[in-house]
Amino acid sequence: FGADQAANEWILAMDADEVYPESTIAMIKAALRVDDGYGLYELRRINYFIGQPLKHCGAEGVLASLYRRPVFRFEGAIHERLSGEGTRQFLGGEVFHYPFDSVDDFIVKWRIYLDIEAEKYCQDHDIVSWQEVRYRITWKVLKIFFKLYMRKKGFLDGPQGLVWCILNSIGPQLKWIKIWEKAKAKGILR
């Protein structure tokens with residue numbers, strides 16, 4: 001909504017829990033001064049958890065932050081994604097992301113997301129399969145944890161890495177339990 005109201009061609013999209021260091025701001029300003037035809041600039045996002053930057057466990061990745069309207073636009077209801085046909089460029093700067101300062105913060109955020117995502121899923125599907133739910137709350141959770149902790153080397157991030165991997169495994173599990181609950185109440189669980 002905000003992007004649709006903007007008057008300028010370029011939009012810097014950022015979450016309230018992100019910090020752009022001065023070096024990244026300088027890179028963004030330099031990119032805007034040189035119109036090289038790109039429609040979107042991507043930055044490296046580094047997640048912090050309980051005071052520590054996480055370099056592994058899938059916590060560091062590329063974030064599409066600076067984009068040209070109307071070449072790109074956000075789509076989706078929650079965890080929106082930028083989509084468009086323009087050219088992309090990795091800018092090289094970093095964005096520091098502080099999604100939760102504590103386990104309590106995680107629980108509060110997930111409670112909000114759970115209801116929204118489960119309701120959306122049930123609205124978009126005429127039938128919710130119990131087999132799918134069962135897979136998502138059992139084997140899929142183990143796969144996510146193994147991917148984050150072993151394959152992406154979350155163990156190298158110490159105790160924060162372990163807790164991050166656990167929380168990011170059970171979050172989707174809770175979402176599917178909520179989908180099961182809503183689907184059962186709506187009579188669309190099969």
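Helix 4 and helix 6 lie roughly antiparallel to each other, a label given to angles over 145 degrees, with under 35 counting as roughly parallel, 65 to 115 as roughly perpendicular and the rest as oblique. Here the angle is about 155°, and the axes sit 8 Å apart. The axes are lines fitted to C-alpha atoms, for helices over the stretch in contact, and angles run from 0 to 180 degrees between N-to-C directions. The crossing of this pair is left-handed, meaning that the near helix is turned anticlockwise from the far one by less than a right angle; clockwise would be right-handed. On the helix 4 side, the contact (heavy atoms within 4.5 Å) involves Trp130, Glu132, Val133, Arg136 and Ile137, while helix 6 brings in Gln173, Trp176, Ile177 and Trp180. Sorted by class, that gives six nonpolar, one polar and two charged residues. In this scheme Ala, Val, Leu, Ile, Met, Phe, Trp, Tyr, Cys and Pro are nonpolar, Asp, Glu, Lys and Arg are charged, and the others, Gly among them, are polar.

A word on where this comes from: the model is predicted, with local features needing pLDDT of at least 70 and side-chain atom pairs counting only at pLDDT 80 or more, while totals for chains, interfaces and linings use all residues. Residues are numbered from 1 along each chain as its sequence is written, and side-chain values use heavy atoms, with hydrogens and water left out.

Zooming out, the protein has six helices and eight strands. These are DSSP runs numbered from the N terminus, with helices (H or I) of at least four residues and strands (E) of at least two. Read from the N terminus, the order is α-β-β-α-β-β-β-β-β-β-α-α-α-α. Of the 190 residues, 33% are buried, that is, under 20% relative accessible area, with exposed being over 50% and partly exposed in between (1.4 Å probe, protein chains only). Among contacts between residues at least 6 apart in sequence, 71% link residues at least 24 apart.

Ala26 belongs to helix 2 (residues 22-33) and is partly exposed, at 42% relative accessibility. Its C-alpha atom is 9.1 Å from that of Gly93, which is 67 residues away along the chain.

Then there are the cysteines. The structure has zero disulfides, a disulfide being a pair of cysteine sulfur atoms within 2.5 Å. For Cys57, the closest cysteine sulfur is in Cys165, 4.3 Å away, so too far for a bond. Cys57 is buried, at 1% relative accessible area, and Cys122 is buried too, at 6%.
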